[in-house]
Each structure stands twice: as structure tokens, then as C-alpha cells.
Amino acid sequence: MREIGKEILNYANRLGVDYADVRIVRRKIEKLIVKNGILERAGLNETYGFGIRILYKGAWGFASSFDLENFKPVVDKAFSIAKVTSSINNKKIELSPINPVKTQWKSSFKIDPFSISFEKKLNILFESNRIMREFPEISIAISEMEFFKEDKIFINSEGSEIEQSILESGAGISAFAIQGDNLQKRSYPNSFGGDYRKAGWEFIEELNLLENAEKIAKEAVALLKAEPLPEMITTLILDGTQLALQIHESCGHPAELDRVLGTEASFAGTSFLTLDKVRKFQYGSEIVNIVADATHPYGLGSFAYDDEGVPAQKIFLVKDGIFVNYLTSRETAKIIGENSNGTMRADGWNRIPIIRMTNINLLPGDKSIEEIIDSTDYGIYMSTVKNWSIDDKRLNFHFGCEIAYEIKNGKLGKIYRNPYYTGITYEFWRNCDAISDMKSWRVWGVPNCGKGEPLQIARVGHGASPARFRNIKVGGK
Amino acid sequence: MWGKEKTYSFLENLLKKLPFERKEIVLLISSIELTRFANNIIHQNVAEENLSIYIRVGEGKKKVMASISKIDEESINNLICSLNLIIKNQPEGEELILPEKKIYPDIKNEIFIPSPEKRGRIVKDIIRKGESKNLNTYGSIKEEIDELSIINSYGLFAYGTFSYAHGKTIYISDSSSGYQEYAGKDLDSIDFEYLSEIALKKCLEGRNPEDLEPGKYTVILEPLAVAEIMEQVSYFGFSAKAVQEKRSFLSLYQEQRIFSPLVNIYDDGLDPKGIIIPFDFEGVPKKHVDLVKEGVVLGPVYDTETAIKEGKESTGHATLPTDSNGPLPTNLFFLPGDKKLEDLISSLEKGILVTRFHYVNSFLDPINILATGMTRDGTFLIENGKIKKPVKNLRFTQSFVEALKNIEAVSSENVIVPFLYGFCSVPGLKIKEFNFTGVTEF
């Protein structure tokens with residue numbers, strides 16, 4: 001990969017570009033889904049190709065192809081696009097500086113999941129599926145696993161040559177109970193595919209899918225008879241899975257500097273965290289500390305270098321409740337007079353790098369989750385993402401969960417179906433009065449974050465432990 | 001572009017190499033170019049050449065799917081080894097069901113050559129229009145060409161080329177935004193002058209929006225908002241897989257009049273009013289499927305697997321083999337009415353005009369398609385048949401099954417926009433008692 005990458009870069013340099021970078025990416029994904037006792041999908045997906053980004057007279061051009069042997073027309077295309085762009089634009093793009101580096105990095109794992117037999121993988125999937133289907137009310141049971149491997153090289157005209165190899169594993173189970181128009185679902189360890197880590201087969205074993213299958217099936221059945229959560233303003237405790245989504249939508253996305261500067265305006269939108277707010281805006285209560293940490297050992301948003309060759313970093317986005325930093329690229333950092341904090345990633349070889357969340361983590365507090373529930377006279381505890389929507393500046397949100405529990409005198413009790421909560425981002429975070437400690441903190445893997453045109457899917461992480469919020473509007477259907 | 005002859009020869013050779021009882025290969029070669037602009041400059045200008053091969057094979061009651069973008073001998077041989085391994089190590093389940101050989105209508109789609117220069121000239125004009133009003137301009141223009149071919153072990157071979165263009169523009173002032181988008185068979189079929197004029201007008205008229213109390217209002221939804229409704233209704237409701245799993249409203253109300261009699265929806269990949277896609281990802285020719293007729297729910301759409309389960313024939317709506325959702329509508333038409341959108345507005349005593357929706361999600365209660373989402377890029381209060389003032393964006397929480405019941409009028413305008421795997425052509429709608437549940441700050 002390195003040699004062909006250099007050849008592509010040399011060809012680009014000979015065309016007279018001001019800057020160029022080449023990424024060659026090989027991806028392998030194995031996906032197994034057992035649905036209602038049938039292997040619904042046994043899939044392997046492999047892609048291989050390259051993308052070249054060219055800066056010429058202050059304007060970008062990008063082209064990509066699966067055909068590495070015939071790279072010259074692709075480089076020519078990127079260059080001609082950059083020329084067209086520069087002839088139209090009246091502003092020139094500049095990049096913040098970086099130090100060139102030549103290095104290699106591999107994410108850590110104990111057991112390569114691609115070396116595990118299909119029989120062993122299928123045993124867990126079929127058995128967990130069987131346990132869920134023991135309950136006649138369960139009409140759909142899904143057990144799934146996914147393994148992701150990416151080898152990539154980044155070479156740029158400033159002298160960087162970076163090889164990285166990433167391995168990720170994930171799994172999850174879901175039970176659906178349906179009666180008439182009432183559809184109830186419970187998932188473990190999270191919905192929409194489960195949980196994912198930069199890890200190997202050892203993570204799948206840690207998840208204990210078999211031990212949790214009966215519990216979620218029972219809960220899904222119980223939810224069929226549960227009442228919808230009444231609408232009220234109350235105290236709300238969110239579990240880690242739901243908080244991960246809350247962080248993703250209401251902190252991660254609005255802190256992306258490309259959104260703030262408007263380059264996503266015609267698609268996903270902009271951000272309420274405008275440039276005047278940095279280091280001044282009270283984003284949350286004083287106990288709210290949120291970091292972007294690309295150095296975390298197992299988060300899906302971890303790497304050694306981003307797709308511009310900037311080293312992985314850990315920075316505060318929110319410190320003691322104050323919004324203090326954006327997620328930046330070389331181009332956007334230059335606009336605000338800073339250096340990039342390394343968040344540019346592309347979805348494979350064929351898409352251009354854009355600012356993506358790394359691991360956006362809410363730092364843990366100092367009380368146990370048991371103490372937080374004990375000290376809540378009345379409130380609602382919600383768990384597991386079911387639906388999500390937020391406005392195009394990331395202010396008004398409405399998130400639904402799979403299950404809610406009433407909290408009365410410090411104890412979890414009655415369950416409610418189809419619960420949701422809604423609010424305005426900064427008002428919600430300012431009402432945070434307790435965050436549980438490290439014992440219940442983990443980084444949740446979110447492998448399906450969509451952004452950009454053409455659409456790109458990123459794999460990101462969110463560290464969270466359950467937290468409590470006061471005066472929140474909740475309801476149910 | 002490989003052309004039909006080269007494609008057939010490649011697929012035939014590859015099919016012979018696959019040592020399995022039943023087998024299918026889908027070859028998709030696509031060229032996508034896109035120019036994005038923001039703050040009055042082009043900030044992203046990209047071109048990509050993709051090749052994907054999707055292979056499904058089956059032995060007895062075992063099956064497996066794989067996809068790959070490398071076509072050298074070593075990669076293909078490795079893939080065959082992996083397919084063998086997975087087939088051998090799985091318990092018996094369901095057979096891989098493939099369609100028989102088909103006959104295709106003779107359709108020749110005109111294919112264009114993407115042009116960054118042409119896109120650049122269009123962008124320049126759109127930006128100039130915004131600058132003349134001191135507005136910032138944002139948007140994107142996309143050109144896509146696809147060459148799709150399918151071969152299977154029953155002798156089926158389908159080959160087709162499709163292309164389309166899609167443009168969108170948003171103007172933003174210090175207190176408002178205005179948006180419009182259209183898709184067409186090429187850039188020339190999109191009236192960018194008109195598109196940008198509409199977006200500009202919305203932005204200028206939307207300045208200084210005021211608060212409005214949430215509650216139930218009659219709404220006039222412009223076609224882009226209706227497209228969002230159709231996407232949710234199609235995804236959650238019109239797939240045979242969703243119906244068979246009893247997670248679609250169709251499984252409760254099949255052939256019942258549950259919508260307003262003004263609702264007529266069909267799917268037709270051959271309708272020349274849309275963008276023609278003559279067969280699906282299994283190579284089955286697209287059939288005309290009535291989904292709703294005068295308010296009676298019909299459909300759903302089928303692929304081969306879901307059709308066989310009911311002893312029916314596929315309607316030609318299979319999605320890519322990597323998609324677990326099952327069949328979906330891809331060329332959806334909501335029949336227009338006979339009154340213009342402005343007549344719908346002038347007939348309304350009090351209500352809200354919505355340009356489009358944002359971030360719509362119906363997973364909380366998918367059978368009733370209880371959706372929540374926001375209005376975006378132009379929301380206006382209508383009083384006594386006239387647009388009275390712009391209002392801040394509102395959150396709605398509304399069952400789209402109920403909303404289609406509550407339709408009072410359908411406009412005569414139809415707009416084509418990208419939708420799920422294809423396109424939809426949709427009018428504007430007047431809907432009573434649309435439930436707004438929250439507001440935002442802009």
C-alpha cells in the first residue's frame with residue numbers, strides 16, 4: 001500500500017498542486033444476524049480503494065476510485081476539480097500547520113474475531129435467539145454480531161506517512177413483542193445493533209448475551225401491558241446508553257466546527273454553539289465536564305492520527321459547565337486562529353475526510369448510581385434508545401426510550417411503555433445535578449453516525465454513566 | 001461504464017466459478033460527483049468511482065451473502081473460500097430463493113457526462129443571487145450515473161444504466177433561512193433559476209420570525225414536507241417484510257379505507273413522469289403497485305423472498321443484498337389534486353405553512369408511525385387565507401397514519417425528490433389537526 005500511495009502522491013506533485021494527501025483503505029466487515037431462529041444474514045463485505053485530496057490556489061478537489069492500477073485519471077480529475085473550484089471561489093482555503101510524521105499504529109485486541117469459527121459465533125447467536133423466543137409473546141427476536149477491520153495508509157505532500165490498523169467487535173440482542181398496534185422492544189446491551197468496541201472476540205464474551213436474553217424478553221412482554229408514561233415535569237435519570245445518545249446529539253454534533261461555520265447547512269444543519277459562545281457560554285451545570293478523547297483505549301472514536309495526519313488528542317468541550325472548545329480540522333482551526341485538534345475522518349476510501357466526533361465522553365461524578373436513585377424522592381428512570389430527533393441547530397430535542405421506571409422514595413418501581421423526554425439542550429444540561437461514578441461508566445460504541453454529502457457513516461464512542469436531571473418534561477404514548 | 005457486453009462476459013465467468021447450487025451476482029458501478037457550497041464559496045467538490053459486487057449463494061437450506069470491490073483473481077478466490085466456510089458451518093435454515101429468467105421492457109436511459117464546470121457555473125449564479133440581497137448561500141449539486149447488472153443461476157441477466165441530478169439551495173439571513181431542492185434526469189431538467197428564486201423568497205419573507213404557541217393546527221405542507229411523510233410511511237408501512245412481521249399498519253388495515261379518499265399513492269419504476277428504474281436489485285422488472293387508492297390501503301411491495309411466502313410474484317422492489325429491511329418502494333407517486341398550493345392557502349382561515357421537515361423519526365411507535373420532527377427553513381402563520389407572519393420552528397409529534405386520514409386537500413404541484421432507494425413525486429397537502437408539541441429558539 002505504501003509504495004502505490006507514494007506513486008500516486010508523486011504523480012499529483014508533478015501536476016503542480018500546492019498540497020495533496022492520499023489515503024488507501026482496505027476494509028473488511030463480517031456481519032451475522034439471526035432472526036427468529038433463522039440465519040437471516042451471513043455477510044462478508046470487503047472494499048479497497050484510494051482517495052486523493054488536492055489543494056490548488058486555495059481550493060479543494062477530491063477524487064476516489066477502486067482502481068488503484070489506473071490512478072492517473074483519478075488524480076487528474078481531482079486536480080481539474082480543484083482548478084474549477086479555484087476559478088469560482090473568491091476566498092482561499094488555508095491549513096493550520098502540522099508536523100510531518102512517519103509511523104505505524106494498531107488498535108489493541110486479545111483475540112482476533114476473524115480467527116474464531118463461525119460455529120462458535122453462531123452458537124451464541126442461535127442460543128440467545130432461542131431463549132428470547134421461549135416467550136410466546138415475542139414475535140421477533142434478533143441476535144447479531146459485527147466485526148470490522150480497517151487497514152489504511154495516509155501519505156501527504158508535507159512528508160507524513162501513517163499506517164493504521166483498526167479492529168472492532170460488537171454484538172447485541174433485541175426482543176419485540178407485538179399485539180395489535182402495540183409494538184414493544186427491549187434490547188441488550190443497547191438498541192440498534194448492541195455495543196461495539198475497539199476490541200476482539202474477548203469483548204463478545206464479556207457481553208454475556210445468553211445471560212441477558214431472558215431478562216429483555218420478559219421486559220418486552222411486560223411492556224405490552226404497561227401504561228404509557230403520563231406527561232409531566234419531573235426528575236429524570238438516564239442510563240448510560242441513553243445518555244450516550246444525548247451527548248452525541250446535543251454536544252457532539254453542535255461542537256463540530258464545520259457545522260458551526262455552515263458547511264453542513266444544506267443537509268444536517270448548523271449549530272447553536274456560535275463562535276461568540278466559546279469559553280463564555282454556560283452549556284451545563286458546574287458538574288458537567290465533557291471531553292473529546294480520541295486516545296481512549298477501546299472507544300470506536302479512537303485512533304493514533306486522524307485522516308489529515310493530526311495526532312489523536314484529548315480536549316475538553318465543556319469544562320465545569322462552560323463550553324470551551326470545538327472539534328476542528330486543519331482548515332476550520334485556521335479560521336479561528338488555532339491548530340487542529342485532530343477530528344477529521346472519512347468513511348472509507350471513497351469519501352472526503354470531514355470533522356467527526358471522536359469519543360465524546362461525559363466525565364463521571366462521585367456518587368454511585370444506587371446513591372443517586374436512593375436520594376430521588378420521585379422521578380423517572382429511562383433506559384435504551386428508541387427514537388431521536390433534534391432541530392437543525394441542536395437545541396430542541398425529543399428522545400424516546402424503550403422503557404421507563406417510576407422512582408418513588410428512592411426505589412425503582414412501576415414500568416411505563418413508549419416513554420420520551422424533551423427539552424432545550426442547554427436548559428437540560430444546566431439541570432444536571434448528579435452524575436454517577438466510574439463504577440457505572442463505560443464508553444458506548446455508536447457505529448452509525450450519519451453526516452455529510454454524499455452521506456458518510458462514522459464509528460464514534462460516548463463515555464457515560466447514569467446521570468440525573470431536574471425539571472424535565474416527559475411523556476409517553 | 002463497462003457496457004452490456006463486457007458486463008455479461010465478466011458476470012458469466014464469475015458465476016461459473018461459484019461452486020454452489022443457487023447463486024446470484026449483482027454488479028453495481030457508480031460514478032458520483034458533487035459540488036457543495038457554503039458561505040458563498042465552493043467548499044467541497046468531489047468525484048468518486050465505485051464498483052461493488054454482491055454475491056448471494058445457497059446450498060439446500062443454507063445461504064450466505066458477500067460483497068467485494070476488488071475483482072482480481074486472488075480476491076475472488078479468497079471470497080469463494082469464505083463463502084464455502086460459512087455455508088458449511090451453519091445449521092439449516094431457509095433456502096435462498098432467486099427469481100426465474102425475466103423479459104425486460106426496452107428502455108434506453110440517456111446517460112450524461114458529469115461536469116464540474118457546469119456545476120460551477122450554476123453555483124456561481126445561485127451565489128450571485130444571494131449576494132445581491134446580502135444573504136449567505138449554501139447548497140449542493142449532485143450528478144450520479146449507475147450501471148447495474150444482475151445475473152443468476154436460473155439464467156436471469158438484467159442490465160441497465162440510470163442517471164440523475166439533484167440540486168438544493170439554502171439562503172440564510174441573520175434570522176431566517178429559505179430552502180428548495182429538486183431532482184431530475186440531468187442538470188438541464190432542473191430549473192435552478194426557479195429553485196433559487198423560491199429559496200430566496202422564503203428566506204426574505206421568513207425574517208424576524210415570532211413565537212407561536214404549540215397545539216393542533218391545520219397545516220399546509222409543501223411537497224418537500226410531504227416527501228418526508230412518504231419516506232416514513234413507506235419505510236415502516238409499505239414493505240411486505242414489515243407486513244409479514246406484523247410491524248406495519250398494513251397488517252391491521254389491509255384493504256380498509258383508513259385514509260382520506262383524496263389519497264392515491266402508487267409505485268411505478270416505469271412511469272415516465274419520474275426517473276425510470278426498470279428492474280430491482282434481483283433483476284425483477286418493476287411492476288405498477290397501487291399502495292393507496294381513494295384512501296383504501298393496498299400494497300405492499302414485494303421482493304422474491306417475501307412474495308414466495310404468500311404464494312405471490314415479486315413486484316420488483318428488492319433492495320441491495322446488504323439491506324435487511326426487505327423490499328421498499330423506490331418510485332413513489334402521490335397523485336396530485338386540482339388546486340394550486342396558493343389556493344389551499346387562500347382557503348385556510350388559520351393554520352401553518354410548512355416548507356419542510358427536519359430529522360423525522362417514528363421508531364417510538366412504528367405501527368402508528370407516530371413521528372416526531374421539526375419544521376425547517378420557512379414556517380409561516382396563515383390567517384384569513386394569507387401568510388400573516390413567519391414563525392419560529394415548531395416540533396410536531398403526530399401519527400402519520402392519522403395525518404393521512406385528516407387530509408382536506410391535495411395540491412396540483414408535484415415535485416420529484418430523492419427518496420429511500422429511488423425517488424418520489426409528491427404534491428402539497430392540507431391536513432387538519434396536525435399536532436405541534438414544542439418550539440425552538442429560531
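Visitor: What does buried mean here, and is B:C424 buried or exposed?
Guide: Buried means under 20% relative accessible area, exposed over 50%, and partly exposed in between, with a 1.4 Å probe and protein chains only. This is a predicted model: local features need pLDDT of at least 70, side-chain atom pairs need 80 or more, and totals for chains, interfaces and linings use all residues. Residues are numbered from 1 along each chain as written, chains are lettered from A in written order, and side-chain values use heavy atoms, without hydrogens and water. B:C424 has 2% relative accessibility, so B:C424 counts as buried.

Visitor: Is B:C81 buried or exposed?
Guide: The relative accessibility of B:C81 is 52%. Exposed starts over 50%. Therefore B:C81 counts as exposed.

Visitor: How many disulfides does the structure hold?
Guide: A disulfide is a pair of cysteine sulfur atoms within 2.5 Å. Over all chains, the count of disulfides is 0.

Visitor: What area is buried between chain A and chain B?
Guide: The size of an interface is often given as the accessible area lost when the parts come together. Buried area is that loss (1.4 Å probe), summed over both parts. Carbon and sulfur atoms give 56% of the area between chain A and chain B. The total is about 6800 Å².

Visitor: Which residues of chain A lose the most area to chain B?
Guide: Together they make up 10% of what the chain A side buries. They are A:L44, A:F66 and A:E453.

Visitor: How many salt bridges are counted between chain A and chain B?
Guide: A salt bridge is a side-chain nitrogen of Lys or Arg within 4 Å of a carboxyl oxygen of Asp or Glu. B:E48 and A:R351 form one, with the closest N and O atoms 2.7 Å apart. Between chain A and chain B the count is 9.

Visitor: Which parts of chain A does the salt bridge of A:E219 and A:R186 tie together?
Guide: The two side chains meet at 2.7 Å, N to O. Both A:E219 and A:R186 are buried. Helices (H or I, at least four residues) and strands (E, at least two) are DSSP runs, numbered from the N terminus. A:E219 and A:R186 are 33 residues apart in sequence, so the pair ties together helix α5 (residues 209-225) and strand β7 (residues 182-188).

Notes
Buried area is the accessible area (1.4 Å probe) that two parts lose on being put together, summed over both.
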